[in-house]
Amino acid sequence: MTVPAAKKLNQLLFDGNPFEKANDRAPEFIDEGWASYPEVLDTTIDVLKPKVIVEIGTWLGQSTFNMLERALSHDPEASIICVDTWLGSPEHWFNPAWKAGLRLENGRPNIYPIFVDNVRAKGFEDYIVPLSMTSLQAAKLLKEINLSPDLIYLDGAHDKDEVLSDIENYWPFLSASGCMVGDDFCDEWPGVVEAVHKFKKDRTDLDFQHARDKFVFYKL
Ligand SMILES: C[S@@+](CC[C@H](N)C(=O)[O-])C[C@H]1O[C@@H](n2cnc3c(N)ncnc32)[C@H](O)[C@@H]1O
């Protein structure tokens with residue numbers, strides 16, 4: 001059995017396991033997030049059997065664990081690279097329930113430690129790479145390491161300009177015949193819908209599909 005790509009990348013970037021903690025307290029799993037309608041991702045993963053997934057927008061990891069568990073059922077070395085500032089998005093500040101989820105401490109969101117606990121509780125330390133930065137910064141870092149994911153899942157920013165920039169920045173990384181799936185392609189998030197239509201207009205290198213609240217771009 002070979003080593004999962006995430007374990008190698010964690011060694012390169014963090015000199016080992018980034019989820020290791022000084023104390024040996026048993027990590028608590030907190031099941032909170034969106035991961036809405038995961039069946040589109042399940043179907044895509046069953047078709048692609050991805051070795052490497054990149055996720056933009058992880059929060060506490062609900063969508064991460066759904067995708068990883070499905071991918072590991074096909075390939076025991078499947079890995080997922082999680083890109084998130086773990087600082088939330090502007091919309092989190094104006095929805096009272098979402099704002100509580102930011103767990104503000106001294107005026108700053110405090111989400112990342114819960115994600116770390118969740119990864120440890122799941123035992124996925126060797127299968128997940130945490131990139132705690134903006135999607136734009138992560139795109140520059142990933143370019144340096146010549147990564148070619150089979151599946152890219154977008155669920156970070158939701159306004160038109162940032163979604164379009166995420167699609168444009170990450171599309172070139174996608175492996176031949178790979179797939180980009182994005183969340184919130186629906187009336188409630190017009191910025192996502194506009195960005196998707198703008199990106200796909202006049203392109204001949206993708207096949208566009210959508211189901212429930214997800215858009216899917218297959219790379220041709
Ligand atoms: C809707 S949540 C992700 C939910 C998660 N996929 C789930 O299903 O539970 C959006 C996440 O994107 C992150 N985010 C927003 N804009 C970002 C950006 N430009 N770069 C990196 N992360 C970003 C936020 O910190 C937040 O955790």
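I30 is located in the loop that runs between α1 (5-14) and α2 (39-48), where helices (H or I, at least four residues) and strands (E, at least two) are DSSP runs numbered from the N terminus. The structure is a predicted model, in which local features need pLDDT of at least 70 and side-chain atom pairs count only at pLDDT 80 or more, whereas totals for chains, interfaces and linings use all residues. Residue numbers start from 1 along each chain, following the sequence as written.

I30 counts as partly exposed because it has 14 C-beta neighbours inside 10 Å; on this scale, with C-beta atoms placed from the backbone, a residue is buried if 20 or more other C-beta atoms lie within 10 Å of its own, exposed if 12 or fewer, and partly exposed in between. When residues up to four places away in sequence are not counted, I30 touches L60, I114 and N118, a contact being defined by C-beta atoms, placed from the backbone, that lie within 7 Å. Between I30 and D187, which are 157 residues apart in sequence, the C-alpha to C-alpha distance is 29 Å.

M67, by comparison, belongs to helix α3 (residues 62-72) and is buried, because 25 other C-beta atoms lie within 10 Å. With neighbours within four places in sequence left aside, the contacts of M67 are L41, I45, I53, E55, I80 and Y153. A separation of 23 Å is found between the C-alpha atoms of M67 and L141, which stand 74 residues apart along the chain.

S177, in the loop between α7 (160-170) and β5 (179-182), has a positive phi of about 65 degrees although it is not a glycine, and S177 counts as exposed because it has 11 C-beta neighbours inside 10 Å. D184, placed in the loop between β5 and α8 (190-200), likewise is not a glycine and has a positive phi of about 65 degrees, but D184 is partly exposed, with 19 other C-beta atoms within 10 Å.

Terms used. Contact = placed C-beta atoms within 7 Å.
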